[in-house]
Every structure is written in C-alpha cells, then in structure tokens.
Amino acid sequence: MTQCDKIAAWLGSGRTLTVAEALTELGIYALSQRVGELRRQGVPIASDTVETAGGARVSRYRLAIPY
C-alpha cells in the first residue's frame, strides 16, 4: 500500500489528518506533498487551518465530499 493509498483510506473513513497524525499514525513525513498528488489524481481534499494546544497553526486535511 502506497502512502497515497494510506492517506486516501484514512480520509475515506471519515477521519481528518494533520502532519503530526500522519507521522505518528501512518509513518508519513511529507503529508502536504502526498495530498498534492492525491488532488492531482482528482481526490477532493480540503484543508482547514487549526491551532494546536501549543499555539502552532497547522493544516487539517479532510475529504471535501464523500469519496
């Protein structure tokens, strides 16, 4: 299973994903690059900027519509 496959399956299950979660849960370091690849393949991924408990602003990815 490729990194893109893992991300698509994760998001397809209705969950969201941040860089930290991608690293700890899926072992993926370059989340934004993989999301870009999926978008170019036509997967409707949206992102929202959220603030962590420590005050950092990060992107949280989700499917824009059911996929």
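Predicted model: local features only at pLDDT ≥ 70, side-chain atom pairs only at ≥ 80, totals over all residues.
Asp 48 has a relative accessibility of 33% and therefore counts as partly exposed, where buried means under 20% relative accessible area, exposed over 50%, and partly exposed in between (1.4 Å probe, protein chains only). Residues are numbered from 1 along each chain as its sequence is written, and side-chain values use heavy atoms, with hydrogens and water left out.

My topic is the salt bridges, each being a side-chain nitrogen of Lys or Arg within 4 Å of a carboxyl oxygen of Asp or Glu. The count by this rule is three.

Asp 48 pairs with Arg 62 in a salt bridge, at 2.8 Å from N to O. Arg 62 belongs to strand 2 and Asp 48 to strand 1 (residues 45–51), so this pair ties together parts 14 residues apart in sequence. Helices (H or I, at least four residues) and strands (E, at least two) are DSSP runs, numbered from the N terminus. Arg 62 is partly exposed, at 31%.

Next, Arg 60 bridges to Glu 21, with the closest N and O atoms 3.3 Å apart. Which parts does this pair tie together? Arg 60 lies in strand 2 (residues 57–63) and Glu 21 in helix 2 (residues 19–26), so the parts joined are 39 residues apart in sequence.

Finally, Arg 34 and Glu 37 form a salt bridge at 2.8 Å, N to O. Both lie in helix 3 (residues 31–40), three residues apart, and are thus separated by about one helical turn. Arg 34 is buried at 18%, whereas Glu 37 is partly exposed at 27%.
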